Amino acid sequence: MKNMKEFLLRAWGVGRWALLIIFVLYIALVIYRVPFVAEDEQTQEAIAFINAQKLNLADVTGERLPPSPDVALNNATVEGVDANENGIRDDVELAIFERYPGDQNIEIRAAMLQYALGLQLELTQVFNSETWVAVTQSEERASGCLLSVYSVDVNEYTGLEDYFSARSEVRGLIFNTEQRNEVENSIERYQTTFGLLQGENCDLIFDN
């Protein structure tokens, strides 16, 4: 009986240390996983935000035009100034309205604003491959909207010059500082394969 008691005590001593080691390893694993869980939650929130960004009619008609921002303040940061909080930098929004005024340009203006919105997301929301895909899909939708607005026919090569000119114009407005160009170049490391979104490319559809 004494031997059995001693055996059980020794077994408990060994088992106790084994349980302690298992517990410590479990805690270490939990601590190790915390940053990955936090990043995954941040990624999902960012993707949901990216996918929710859409033009409103008021953004295109000019009902919500912001005041002209201070140039130094606007160019001091990557994101710039967005006083009316529609996702488009104020200087870019105002430049598009100035170059394409009036109801006769509303479709072109809408497509260019949508493309500007996508490019602004590229500057502010990309921090891994998943967010890069979501932003790139948004940009591709906007690019498709520009294609339709300029009635591009890739087989007949019609409308392509106007389409590429419009893309270049918006990109020039968005990536207008060294800091913003550096951000665009830096996120290239997140590039990966992706599929195009299905459905209508333009956020707003206008009757002809």
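A salt bridge here is a side-chain nitrogen of Lys or Arg within 4 Å of a carboxyl oxygen of Asp or Glu.

You'll find glutamate 122 in helix H5, residues 106–125. Helices are DSSP runs of H or I with at least four residues, numbered from the N terminus. Leaving out residues up to four places away in sequence, glutamate 122 touches Val135, Glu139, Phe175, Glu184 and Ile187; contact means heavy atoms within 4.5 Å.

## About the model

This is a predicted model, where local features need pLDDT of at least 70 and side-chain atom pairs count only at pLDDT 80 or more, while totals for chains, interfaces and linings use all residues. Residues are numbered from 1 along each chain as its sequence is written, and side-chain values use heavy atoms, with hydrogens and water left out.

## Salt bridges

The structure holds five salt bridges. One of them pairs arginine 141 with aspartate 203, with the closest N and O atoms 3.0 Å apart. Arginine 141 sits in helix H6 (residues 129–149) and aspartate 203 in the segment after H8, so the pair ties together parts that are 62 residues apart in sequence. Both of these residues are buried.

Another joins the side chains of arginine 99 and glutamate 169, at 3.0 Å from N to O. That pair links distant parts of the chain, with arginine 99 in helix H4 and glutamate 169 in helix H7 (residues 160–174), 70 residues apart.

Aspartate 59 counts as buried because its relative accessibility is 2%, and arginine 64 is partly exposed at 30%.

Most residues other than glycine have a negative phi. Glutamate 85 isn't a glycine, but has a positive phi of about 55 degrees. Glutamate 85 sits in the loop between helix H3 (71–74) and helix H4 (90–99), and counts as exposed (over 50%) because its relative accessibility is 69%.

Definitions and conventions: Helix = DSSP H or I, 4+ residues; strand = E, 2+ residues; numbered from the N terminus. Buried < 20%, exposed > 50% of the residue type's maximum accessible area, 1.4 Å probe, protein only.
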